[in-house]
Amino acid sequence: MTSELKHHWQPAEQQRHAVAGPLPGGKQHGAGERLDTLCGRRVVAAASNELNWLWPTCDSCMEVAKERVGATT
Ligand SMILES: [Zn+2]
């Protein structure tokens with residue numbers, strides 16, 4: 001059973017933000033790409049690497065992401 005991907009996470013501007021929808025083509029965003037995040041910001045994507053996946057998660061994105069997947073807490 002697969003669940004539809006409603007959003008994906010992307011390191012950008014020292015945080016991990018969520019972006020609506022599945023990754024286009026299943027690929028990573030490139031560094032410098034402008035993305036509209038779930039928290040309503042427009043950020044510049046960072047290239048994904050081991051380090052920036054450790055950046056803190058954007059709290060605002062997390063709140064919206066929880067609602068989108070139907071979490072109650
Ligand atoms: Zn965010």
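**The whole chain**

Followed from the N terminus, the elements come in the order β-β-β-β-α. This is a predicted model, in which local features need pLDDT of at least 70, side-chain atom pairs count only at pLDDT 80 or more, and totals for chains, interfaces and linings use all residues. Residues are numbered from 1 along each chain as its sequence is written.

Next, display the C-alpha trace, which spans about 30 × 25 × 20 Å along its principal axes. Of the 73 residues, 25% count as buried (20 or more other C-beta atoms within 10 Å of the residue's own, with C-beta atoms placed from the backbone; exposed means 12 or fewer, and partly exposed lies in between).

**The loop between β1 and β2**

Now select Glu 13, in the loop that links β1 (7-12) to β2 (15-20). Is Glu 13 exposed or only partly exposed? Glu 13 counts as partly exposed because it has 15 C-beta neighbours inside 10 Å. Its phi is positive, near 55 degrees, and the residue is not a glycine.

Move on to Gln 14, which also lies in the loop between β1 and β2. Gln 14 is exposed, because 11 other C-beta atoms lie within 10 Å. Although Gln 14 is not a glycine, its phi is positive, at about 70 degrees. Most residues other than glycine have a negative phi.

How values were computed:
Helix = DSSP H or I, 4+ residues; strand = E, 2+ residues; numbered from the N terminus.
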